[in-house]
Amino acid sequence: MRPPADAIGTLSLVVGAIAVLIFIGVEGALVFAIWRYRASRHVAGEPATFERNRRLEIAWTAAPALILAVIFVLTLGTMAEISGAGVTPAMRIAATGHQWWWEFSYGGVKTANELHIPLDTPIDLDLTSADVIHSFWVPELGPKMDMLPGVTNHLRLSARRAGSYEGQCSEFCGIEHAWMRIRVVVQTQSEFDAWLAVQSKPRTTVETDAEKIFLANICVSCHTIRGTDAKGTAGPDLTHVGSRVTIGAGVLENTDANIVANMRGWLADPQRYKPGALMPSVPLSNADLDALAAYLVSLK
Amino acid sequence: MTAVPLWVRLPARERVGWLRTVDHKAIGVLYIGMGVAFFAIGGLEALLLRAQLATPEERLLDPETFNQAFTVHGVTMILLAVVPLLVGFANYLVPLMIGAPDVAFPRLNALSFWLSLVGGIVLYFSFLAGGAPDTGWFSYAPLSERAFAPGTGVDYYILGLAVNGAGTIIGAINLAVTILLMRCPGMAISRVPLFVWMTLVTSVLILGAYPALTAALVMLLVDRQLGGHFFDPGGGGQAVLWQHLFWFFGHPEVYIMVLPAMGMISEVIPVFSRKPIFGYGFVAGSSVAIAFLSFGVWAHHMFAVGLGDTENAIFSATSMLIAIPTGVKIFNWIATMVGGRLRMTTAMLFAVGFIAMFVIGGLSGVSLAVVPIDLAVTDSYYVVAHLHYVLFGGTMLGIFAGTYYWFPKMTGRLLNEVLGRWHFWTTFVGFNLTFLPQHWLGAVGMPRRVFTYAASTGWGPLNLLSTIGAAILAIAMVIFFVNLVRSLRSGEIAGDDPWDAFTLEWATTSPPPPENFASIPAVTGRRPLWDRKHPELRDAP
């Protein structure tokens, strides 16, 4: 199966070429008329008085109709192709939009904001929303699809280049709509399997003092860390939060060098980076913040 | 002339007169004044938006302010600027063009204006009452439900739009009845000027479309204030229902805003080509076709909602069909110019500018009817570019053409042509610089309605270009306002018929007397004034 983005790309080229030809024709005729019939070229005589021509009217009704008929047939073909009719997806992933982050569930194994998919494999996303309407869009992967509360929509994805693709929510969903970014990581099947195996495990560390800070505060009412008593579901699952490339759905980009500082800054005051986000600032001592940030980053 | 504003120079009795007038011309001027004022406000809001987006991760506006600004910008430009401007011109011109002394219901006419204005004031009162609406002009449920929009902004949006809409509906009834019943002797419906035709079609569109919006607004108000669940999936409602109702109004609304401007340039182009309009019947008939089709295309705003391939294919087909009557109009305007004697006045410049820019908006519109392309670029800056090519490149340029053309009739003075040319060319450059790059921004992934974007996206340079364009556009509007004010005070005296025009409004004085015509005219063709001035060249009846 051709990736949907390729099918849309081909169709866009065809429609774009037709549009450019029409643009040149019509604008050319307009400019020619302005130049050829300007009053300064004609000092004497009355202008022409023709004001109707049935054949011309029929011609410039029929010609666009024919062009549009061709475009419509191409449209139907591409619609069938990108919806993946007749191709069984290799995997289904549930994607849920939240104000202002993404939840991805691989048969119950939950992660956030980073969607990993295997290379060259048709995947179906089952899309829904936990609150308002969101829309899943990764431009290089092609079409977008809305996520509506109470409804499950489906989107066929397939990528033929390994690597990282960026996208973001494209339906206005409230104050932090701009910072609801998605990262899609396309991996070879074996890399993907290894990643999923890690994500499927509960947290691998033993309970530390830092973890106790997490469990003793309101963190647990919204977040889950599998393997501990933290079982909140309003916010992202943090079991492997240290493996993610961003914090706050894209608002902070992590590197090995800055990830602890990013995490600490975010914990200290999320509203500074993402004003309006639903995560409150938790009053913690500096020492506790340091410990908590290091602990969360250790959850690879 | 002293520098005292026109308003103050008026005797006290006349100042009060503006408040209680039922004269269609005075009400037309009030509508236009309202439109100009809100156009300036909406423009300032747009400048704030562009300033915030000029560079990545800019912190000029906080997200809440940005969201309020783009919401109010959309509502203001569509419902409080463009529609009142067009209704104002129709109010002023329709009775004059059909040889009538006034509209059918002059008192109702005053009511519709004041309702429209009060609706706008109610919307803007939200700023003082705790915050403007921040859910977009489309105000999608459930984001607009109380659970997610707990402030009063959305309530003011509902009340403001409902009151404004009631005014618009009443005005449409008035104009339709006027056109159908008050034409002077000989003015068959097949002879009325095309601006009048377009106004009639637009009035019918308003009567079909606005009630759907009013119903949706009432339902949303019930949800928000009385605990209803029309659009709340948690209570058995449907979020998508709002979108169906809103776009059943929203798409015809596009033609409500475009058709009268098409009517304006259908008056301007023949006069400055010194030829009758080419294909009168087809230009008028294609408007009826557009109006009919426009009630069957709303779901092309919803291709990404997941209605299903069958529904999407049907709405794709109807949306493509609407391009055909639109194309017919463009071809007829160009054919009108062919063989003519073109006087490139400012009015004519804006009229051909309309055609040139509307072609771009029309072509990008067809691409959005192609479902797979729409799924890629809907809700992105590509759509922002498209809609501004239609509503600014189209409608606003048409309104500017109409302003340069009819300002002398309304005020007795010509607008300055030198400033007019500056106005046109700065508009042309500023407009294209603002909106052309947005096609690319959308295609590479910049969504609409984002208050900022990450530097890593690489969208910075094109956004900066777009903001520079907006600044140039702002300069163009300043030139326009200077021209308006200067010409109002000391413009060249126009006389009754400065353009050697064709239609009846030019057969009376500038500005016309309260009763419009000394005696009700009788006509025998589509160009009554031309026939009167050139009996040897008169049109065949």
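Visitor: Where is Pro511(B) found?

Guide: Pro511(B) sits in the loop between helix 16 and helix 17 (528-533) of chain B. Keep in mind that this is a predicted model.

Visitor: What kind of peptide bond joins Ser510(B) and Pro511(B)?

Guide: A cis one, with omega about -10°. Most peptide bonds are trans. The bond from Ala141(B) to Pro142(B) is also cis, with omega near 0°. Pro142(B) lies in the loop between helix 5 (106-128) and helix 6 (153-181) of chain B.

Visitor: Why is Asn516(B) called buried?

Guide: Count its neighbours. A residue is buried if 20 or more other C-beta atoms lie within 10 Å of its own. Asn516(B) has 22, so Asn516(B) is buried. Asn516(B) is in the loop between helix 16 and helix 17 of chain B. Its phi is near 75°, a positive value in a residue other than glycine.

Visitor: What makes Asp379(B) count as buried?

Guide: The cut-off is 20 or more. Asp379(B) has 23 C-beta neighbours inside 10 Å, so Asp379(B) counts as buried. Its phi is positive too, near 60°. Asp379(B) lies in the loop between helix 13 (371-377) and helix 14 (381-411) of chain B.

Visitor: Why is helix 3 of chain B called roughly antiparallel to helix 16 of chain B?

Guide: Look at the angle. Helix 3 (residues 24-53) and helix 16 (residues 460-490) of chain B pack at about 155°, with their axes 9 Å apart. Angles over 145 degrees count as roughly antiparallel. Therefore helix 3 of chain B is roughly antiparallel to helix 16 of chain B.

Visitor: Which residues make the contact?

Guide: Among them are Gly43(B) and Ala46(B) of helix 3 of chain B, and Asn463(B) and Ser466(B) of helix 16 of chain B. The residues of this contact divide into seven nonpolar, four polar and one charged.

Terms used: Residues numbered from 1 in each chain as written. Chains lettered and ligands numbered in written order. Predicted model: local features only at pLDDT ≥ 70, side-chain atom pairs only at ≥ 80, totals over all residues. Axes fitted to C-alpha atoms, helices over the stretch in contact; angles between N-to-C directions. Helix = DSSP H or I, 4+ residues; strand = E, 2+ residues; numbered from the N terminus. Parallel < 35°, antiparallel > 145°, perpendicular 65-115°, else oblique. Contact = placed C-beta atoms within 7 Å. Nonpolar A, V, L, I, M, F, W, Y, C, P; charged D, E, K, R; others polar. Buried ≥ 20, exposed ≤ 12 C-beta atoms within 10 Å, placed from the backbone.
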